[in-house]
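Welcome! Have a look at the structure below, and then we will walk through its parts together.

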Amino acid sequence: MDNKAWIITKASRGKYAPDCLRLEMRPTATPQPGQLLLRTIYLSLDPTSRNWLKLEPSSNVFGLAPGSVMIGQAISQVEESAAAGFEKGDLVVGMSGWELYSIVPAAFVNKVKAGVPLETNTTIFSHIGYAAATGMIGIGNVQASDTVVVSAAAGATGSISAQIAKARGARVIGIAGGPEKSRFLIDELGLDGAIDYKTQDVSAELAVLCPQGITLFFDNVGGAVLDAVLMNLAHGARIAVCGQIALYDSDDRHDGQGVRNLMELVFRTVRMEGFLAGQQADRVPEFDAELERLYREGRIASRAHIIKGLENAADALTLVLSGENKGKLMIEVSPPPAAAGDG
Ligand SMILES: NC(=O)c1ccc[n+]([C@@H]2O[C@H](COP(=O)([O-])OP(=O)(O)OC[C@H]3O[C@@H](n4cnc5c(N)ncnc54)[C@H](OP(=O)(O)O)[C@@H]3O)[C@@H](O)[C@H]2O)c1
């Protein structure tokens, strides 16, 4: 079988440019014992894909280098199995290549959750949903008494974390770019307030919407948005740092918009903690059960922004950086099986 794969050509620093990747035709390998040959169906494009392409040591846990196949989370179908517990036709989710066919260790993937649409395995029941739950529940310990703010609230992770907080009874304000996203936050997610950071004074709006102060901030953005939130925190607030996307296209970590108001952490005795989706491994079953319950009760929903064709992956990654994605960005690399994920 002929394969096509996105190969890293060079480190991408500063503004992301798709020429750090090259699409190549190559032969498909045969799985060795313990491995699977997967056909990619949905490939998740993530802000962190952009970070990995910097090839910086601190964010390059997978040892990517020029010449490597780019990697990401994907939903795939097993074409050939050399691993116990998997057989041809199984649908799986996990780390894979930006390619049509991937050879992966079976330990890198799990079978998809049955009875939910296939793409929901890259939104709610994935690194996205688990990051939302880890930050909002595991790190933030969200309570009904909280005044919660979420940045990039209309995005994949932000929208799920905001819905978790709403489901737990908190008052939730979302920050996002543009009027359509503000409407989505109020009308579709049922949030208590929305701020368009592109046209509004975020700090002034927060002062009006959160007069008693923000008690929990789920931050996906950093930069100027974080600075505005810092000035509106309640004493003893918590900040769960999920990401800092405003900085991902910066040339290095020290230029651009530095956070200026960190002294507020001292004055207001605030705890600020970063986290990774899989970090609280012992709590994943609990997070998974809560996400599934909320999903089945219709209390959390997710949007998928699907672009067809592996050849579009390198260009499409720009959408998460410009905010043009409407929900979880993914590439449909090959067609899903007809009956997959029927609920
Ligand atoms: N810690 C973890 O394990 C983990 C796991 C998954 C994701 N994350 C992080 O979570 C964040 C969201 O990721 P996602 O996958 O859910 O993507 P997403 O929110 O669906 O897409 C990214 C969104 O970020 C916003 N954005 C981009 N540049 C911005 C800027 N300069 N200032 C303000 N907003 C900006 C855009 O929305 P607007 O239109 O609102 O600007 C864009 O739609 C990222 O920081 C990512 O690194 C972390």
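## Two domains

The chain splits into domain 1 (2-123 + 303-332) and domain 2 (127-296), with bounds taken from an automatic or database domain assignment. Before going on, please note that this is a predicted model, where local features need pLDDT of at least 70, side-chain atom pairs count only at pLDDT 80 or more, and totals for chains, interfaces and linings use all residues. Residues are numbered from 1 along each chain as its sequence is written.

Taken over C-alpha atoms, the centres of domain 1 and domain 2 are 27 Å apart. Where they touch, 13 residues of domain 1 are in contact with 10 residues of domain 2 (two residues are in contact if their C-beta atoms, placed from the backbone, lie within 7 Å). On the domain 1 side, helix α1 (residues 47-52) gives the largest share, 3 residues. That side of domain 1 divides into 3 nonpolar, 6 polar and 4 charged residues. Here Ala, Val, Leu, Ile, Met, Phe, Trp, Tyr, Cys and Pro count as nonpolar, Asp, Glu, Lys and Arg as charged, and the others, Gly among them, as polar.

## A parallel sheet

Which order do the strands take in the open sheet of 6 strands? The order is β10-β9-β8-β11-β12-β13, and the pairing is parallel. Helices (H or I, at least four residues) and strands (E, at least two) are DSSP runs, numbered from the N terminus, and two strands pair if DSSP finds at least two bridges between them. The edge strands, β10 (193-196) and β13 (271-274), each pair on one side only. From one strand to the next, the twist averages 15°.

Strand β9 (residues 171-176) pairs with β10 over 4 bridges in the parallel sense. In this region Ile175 is found opposite Ile195 of β10.

## Helices on the sheet

Helix α2 lies across β11 (214-219), β12 (233-241) and β13, and runs at about 145° to β12. Axes are lines fitted to C-alpha atoms, for helices over the stretch in contact, and angles run from 0 to 180 degrees between N-to-C directions. Helix α5 packs on the sheet too, touching β8 (147-151), β9, β10 and β11.

Helix α5 (residues 202-209) also meets helix α6 (residues 223-230): their axes come within 8 Å and cross at roughly 35°. Val202, Ser203 and Leu206 in α5 meet Val225, Ala228 and Val229 in α6. This contact has 5 nonpolar residues, 1 polar and no charged.

## Around the ligand

Which residues come nearest to the ligand? Of the 31 residues around the ligand, they are Gly155, Thr157, Gly177, Gly243 and Gly323 (a residue is near a molecule if its C-beta atom, placed from the backbone, lies within 6 Å of it). The shell draws at least three residues from each of domain 1 and domain 2. By class, the shell has 17 nonpolar, 11 polar and 3 charged residues.
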